[in-house]
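Here is a note for a colleague who is meeting this structure for the first time. Please read the numbered points with the structure open beside them.

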Amino acid sequence: MSSNGDAVFSCHGLRVFVGDKEIVKGVDLEVRAGEKHALMGPNGSGKSTLASALMGHPGYRVEGEILLGGERVDHLPPHERARRGMFLGFQYPVAVPGVSVANFLRAAVSARRGADVPVREFRQQMQAAFAELQVPKDFVSRYLNDGFSGGEKKRLEILQMLMLTPVFALLDETDSGLDIDALKVVAEGVNKAAGPATGVLMVTHYQRILNYMKPDRVHVFMDGRIVRAGGPELAHELEARGYDWIAREVGLEPAAAAAEGSRS
Amino acid sequence: MNVDTRQGLAGINQDYAERYGFHDPEDYFLKAPKGISHELVEMISRKKNEPQWMSDIRHQALDIFRAKPMPTWGDSAMLGEIDFENIHYYIKPKGEQTSDWNEVPEQIKKTFDRLGIPEAERKFLAGVTAQYESEVVYHSIRADLEKLGVLFMDMDSGLREHPEIVRKYFGSVIPTRDNKFSALNTAAWSGGSFIYVPKGVKVDVPLQAYFRINAENMGQFERTLIIADEGSSVHYIEGCTAPTYSSDSLHSAVVELIAMKGARIRYTTIQNWSTNVFNLVTKRAHAHQDAVVEWVDGNLGSKLTMKYPAIVLKGERAHGEVLSIAFAGHGQHQDAGAKMIHAAPNTTSRIVSKSISKDDGRSSYRGMVKVAKGAHGCRTSVECDALLIGERARSDTYPTMDIAESDVSVEHEARVSKVGEEQLFYLQCRGLDPDKARLMIVNGFIEPFVKELPMEYAVELNRLIELEMEGSVG
Ligand SMILES: Nc1ncnc2c1ncn2[C@@H]1O[C@H](COP(=O)(O)OP(=O)(O)OP(=O)(O)O)[C@@H](O)[C@H]1O
Ligand SMILES: [Mg+2]
């Protein structure tokens, strides 16, 4: 395990509530510059909730500390976290009809920079990213995520990550719904975007993406908590044996590994 | 790659007072006292030197106006606020109509300069009329079009110079007794546009009319008639603004379009009256065989707008479209829609209506599609989208379908959405602040409308929307 840089991201005692219901029940996590972490856990265990809450989703009540590059961001609205370099690749990217991909990207890149990016420079950057992720050119004038296939949406998420040069990227199941070739392209995109100054936390159900991404660390997430952490071999073990054995070891009922009422 | 630097919508019309809401000192040739009567109608008709038949039509219309009850549907409460006795029905500004901006009275010229009309004319229009209160003060048309026989002038000149055409078509699409406000317009009409495009002539650049109200408690009743002869085409654009006053003004136009065989008319409106103007307009078109008529209708301003552009598809294979957006901000009610009458076989139509309601603004879609007996093989689609911003915003749809044939394809879709929390969050996660994000969502929402506008208008519309959205809370 390489722990080459300073912590680009950490959270301490993080708890997330929807109304009275506690979904994330105390998470401590640290990701250093240059590191890639994987977060694996059963459906409904609270992974997406954790990711959204870290980004500042207004629908949750959050307790605990969130630090980005050593500074507290838990009091900041989502767009301020984004401008400081936090990135969330959505499990379900949202469509915004009528807004072209190009206009959206330009607004996003400008926001991240804190200044309007000149048109020519932006075009070059966008073309490079499109080529990198093998996204057809005509997508620039299509409406954001509107009528995109599942795989196209995921590609576009990574394209955004590439253009927005995050300090810390949360990728929520960016590998789900991708065919084998697309998976490779996306993994390469992630590896490219995740330079030595960037930290990545990849939420996934599958070992396959990790073959390309080579995580430094794997966390097992159950019932709102990280219940185990280890090296890449832990992911292999999960793939082979499922989650029940861990649930038993940590004293959770296997059925309770997922929060009640989980969606699949 | 098309990157567009247009800013979106932070606050529609927040700068209305400064940009359009100003008013000139009153300096008129004639300002009729408030209220309407047979004496006033007679006076207007005489001043205009009209033929007796037109004068007769006016007097009859006044009787019909008085006899007709107010509409009982729509926003009756708001309609009830109109005080017909407190309106000036006719105001003639000083100076004669001219085709030279330099001859327009200084004050009025300044106003139109400020509204950007002469500049627009130089840049991208084939002809312009500018109406101030009741009269058109400026008018021009490109010489080459005039040579081809294209007629574009104010309605009063049209009546004077081409009485046979006016007599034939005036009221042929919208009869006086169509509704209370068409009757009022017919009694009090003044100004508006008269357009005739000869057979086969294609007017490639838009013609524009601009309507300006200046006085308080003004009633503006322009009358427009557009005839596109066989195989011809024309795009007409109208814009309108008024000063902001604390008491109400009334704008009640009648617009009649006739598209002959194979002709094409597009009529674009950017309505941006101040929020003390009642805007009650009747617009209808006849589309003959293989003709195409499109109403592109943008409603941003006014206190209450009631307007349902209609197309009667009278000839086989005629096609009609109504594409509209309405923006209802604080205190506004946009009651708009469309009417499509399929009166001939194999006619097609499309209605796309988009509305945005913000704060306590209210927008209603009121639409009617009718397929007459014998009109086989028609196709029609209706799409209504409403976007609500804030908890108090309101939107209603009142669609009516009356289909008398069975081999007709009808599509109808209606959606109401809130500026979605998930959309906002997604955009915020990309660094856009909530205002910018909301603006982007709203701009995206109206994009299908905006892209139908000439570039200059698209830019202006986006700017207006941006102002209107400023500081809105979602
Ligand atoms: N706003 C909400 N209101 C009510 N319940 C919620 C809300 N958000 C999340 N939950 C619940 O919290 C639990 C965790 O959901 P979450 O989407 O975080 O799971 P996940 O681990 O990402 O699952 P998956 O692997 O299926 O994506 C689920 O039971 C879900 O129904
Ligand atoms: Mg999830």
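Predicted model: local features only at pLDDT ≥ 70, side-chain atom pairs only at ≥ 80, totals over all residues.

1. Residues are numbered from 1 along each chain as its sequence is written, chains are lettered from A and ligands numbered from 1 in the order in which they are written, and side-chain values use heavy atoms, with hydrogens and water left out.

2. Chain A is divided into domain 1, which covers 7-93 + 167-257, and domain 2, which covers 94-147; these bounds come from an automatic or database domain assignment. Taken over C-alpha atoms, the centres of domain 1 of chain A and domain 2 of chain A are separated by 26 Å. Eleven residues of domain 1 of chain A are in contact with eight residues of domain 2 of chain A, where contact means heavy atoms within 4.5 Å.

3. The size of an interface is often given as the accessible area lost when the parts come together. Between domain 1 of chain A and domain 2 of chain A the buried area is about 710 Å², with 56% of it given by carbon and sulfur atoms; buried area here is the accessible area (1.4 Å probe) that two parts lose on being put together, summed over both. On the side of domain 1 of chain A, the residues A:R83, A:P93 and A:V185 supply 60% of the area buried against domain 2 of chain A, more than any other three residues.

4. One salt bridge is counted between domain 1 of chain A and domain 2 of chain A, the term standing for a side-chain nitrogen of Lys or Arg within 4 Å of a carboxyl oxygen of Asp or Glu. The side chains of A:E132 and A:K192 meet in a salt bridge, at 3.4 Å from N to O. On the side of domain 1 of chain A that touches domain 2 of chain A, the elements that give two or more residues are α2 (78-83) and α6 (180-193) of chain A, and α6(A) gives the most, with four residues. Helices (H or I, at least four residues) and strands (E, at least two) are DSSP runs, numbered from the N terminus.

5. How many residues does each chain bring to the contact between chain A and chain B? The contact takes 43 residues from chain A and 25 residues from chain B, and the two chains bury about 2700 Å² between them, 66% of it on carbon and sulfur atoms. Two salt bridges are counted between chain A and chain B; B:D433 forms a salt bridge with A:R83, with the closest N and O atoms 3.9 Å apart.

6. Of the elements on the side of chain A that touches chain B, α3(A) gives the most, with seven residues. The residues on that side of chain A divide into 27 nonpolar, eleven polar and five charged, where Ala, Val, Leu, Ile, Met, Phe, Trp, Tyr, Cys and Pro count as nonpolar, Asp, Glu, Lys and Arg as charged, and the others, Gly among them, as polar.

7. Helix α10 of chain B (residues 180-188) is largely enclosed by the rest of the structure, because nine of its nine residues are buried; buried means under 20% relative accessible area, exposed over 50%, and partly exposed in between (1.4 Å probe, protein chains only). The N-terminal end of α10(B) is capped by B:N179, a side-chain oxygen of which lies 2.8 Å from the backbone nitrogen of B:F181.

8. B:K48 lies in the loop between α2 (38-47) and α3 (52-67) of chain B, and at 8% relative accessibility B:K48 counts as buried. Leaving aside neighbours within four places in sequence, B:K48 is in contact with residues including B:E135, B:D156 and B:W189.

9. Most residues other than glycine have a negative phi. A:N145, in the loop between β8 and α5 of chain A, has a positive phi near 55°, and at 1% relative accessibility A:N145 counts as buried. B:N346 also has a positive phi, of about 55°, and is partly exposed, with a relative accessible area of 35%.

Key: Polar contact = N/O pair within 3.5 Å; in protein donor to acceptor, adjacent residues only side chain to side chain.
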